[in-house]
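Please read the numbered points below with the structure open beside them. Each point takes up one topic.

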Amino acid sequence: MNQRYPAAECALHYTDPFTLVIAVLLSAQTTDKAVNLVTPTLFERWPTPADMAAAPVAEVAEIIHRLGFYKTKSRHVVECAQKIVADFDGSVPRTMDELTTLPGVGRKTANIVLNNAFGIVEGIAVDTHVFRIATRLGLTRAATPAAAEKDLLEIIPHELWGPVNHQWVLFGREICDARKPHCDECPLLDLCPSAFKVSGNPKPHRSRKSTGSAASTARKSSASRKSSKRAASTKSAPKSQV
C-alpha cells in the first residue's frame, strides 16, 4: 500500500482540529465529497467552537440537509462544540478518552483527528472501506468495525497504523469496490482468499434474536406434531356411549 499510495491523505477539507472533528463527524454514512460541499458554508458561518456552540440547530440542519441523518448530525455538531467550549476551554482534546466523550465522536473519528490534526497514532480508523478490505483479506472475522480494529492492531505493525485508513480508502474506491471488486487488477490477488468470490460489504453475524427465532420455529413444529398425534388417537378410539 505504501508503494501504491505513498502520499495518501485525508480527503476531507479542514483548516484546524475543530473543523476536522466536525467534518469527520458529518462523514458518517455519506461521502467525503458530499461533506466537502457543505462545510465551506458551515465553517464560514460558525468557524470556531464558540461560534458553533451558539448556532441554532435548525440553521445548521438547513446547511447540511443534503447529508444522510442530517437532523441527528446537526444536533451533534452543536453539542460537540458546546462540550469543547465547556469542558476543554475551547480547544479540541488530544486524547482518545477525551475525544470520545464528544457527542457524535467514536473511535473512528477520534483516530482520524489524533492522526491528522496532532500526529498522534493510537489506533486505526476502521470505516466501511477498511472493514470490507480487512474482512475480504481474512484479517478479521469481527462483526463490527470497532471489533475489527482490535484484530488489525494485533496484525499490522504499529509503524504502519498511521496511513492505513487513507490508503485503504483509496484502494477500496479504486480496486476493492463494495459491489464490483476488480479482482483481476488487484495487487493482492495471490494473498486474498475472497478473490472472485464476494461482493458487497460484510454483513453482521447472526444475532441471538435470529437464533431465538429458529428455536421458536422448532418448538412450534414439535407442538404441531404432538397435536397431530392426539388428533389421530382420538379419531381411532371407539365412540363413547350416549
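Leaving aside its neighbours within four places in sequence, with which residues is C176 in contact?

1. Basis. The model is predicted; local features need pLDDT of at least 70, side-chain atom pairs count only at pLDDT 80 or more, and totals for chains, interfaces and linings use all residues. Numbering runs from 1 along each chain as its sequence is written, and side-chain values use heavy atoms, with hydrogens and water left out.

2. Overall make-up. The chain has eleven helices and zero strands. Here helices (H or I, at least four residues) and strands (E, at least two) are DSSP runs, numbered from the N terminus. Of the 242 residues in the chain, 37% are buried, where buried means under 20% relative accessible area, exposed over 50% and partly exposed in between (1.4 Å probe, protein chains only). Among contacts with a separation of 6 or more, 56% join residues 24 or more positions apart; a contact means heavy atoms within 4.5 Å. The accessible surface comes to about 14,400 Å², and 53% of that belongs to carbon and sulfur atoms. Such areas come from the Shrake-Rupley method with a 1.4 Å probe, and for residues only the protein chains shown count as cover.

3. Helix α1. At the start of α1, a side-chain oxygen of D16 comes to within 3.2 Å of the backbone nitrogen of F18.

4. The annotated cysteines. In UniProt, an unreviewed entry gives the annotation "binding site" to C176, C183, C186 and C192. These residues span 17 residues in sequence, yet no two of their C-alpha atoms are more than 11.0 Å apart, so they gather at one spot. The lining of the largest cavity includes C176, C183, C186 and C192. A cavity is a set of points, on a 1 Å grid over the protein atoms alone, where a 1.4 Å probe fits but cannot get out; lining residues have an atom within 4 Å of a point. The annotation may be inferred rather than shown by experiment.

5. C176 sits in the loop between α10 (161–174) and α11 (208–236), and counts as buried at 11% relative accessibility. To answer the opening question, beyond its neighbours within four places in sequence C176 touches R132, I133, R136, F171 and P181. C192 is also placed in the loop between α10 and α11 and counts as buried, at 18% relative accessibility. With the neighbours within four places left aside, C192 is in contact with R136 and L137.

6. D127. This residue lies in the loop between α7 and α8 (128–136). D127 is buried, with a relative accessible area of 15%. Outside the four places on either side in sequence, D127 contacts K108, N165 and V169. D127 and V169 are 42 residues apart along the chain, and their C-alpha atoms are separated by 8.3 Å. The side chain of D127 also reaches the backbone nitrogen of V130, at 3.0 Å.

7. D32. Apart from neighbours within four places in sequence, D32 is in contact with A11, L12, S27 and R173.

Note on methods: Polar contact = N/O pair within 3.5 Å; in protein donor to acceptor, adjacent residues only side chain to side chain. 1 Å grid on protein atoms, 1.4 Å probe; cavity = no way out; pocket = protein on both sides within 12 Å on 5 of 7 lines; lining within 4 Å.
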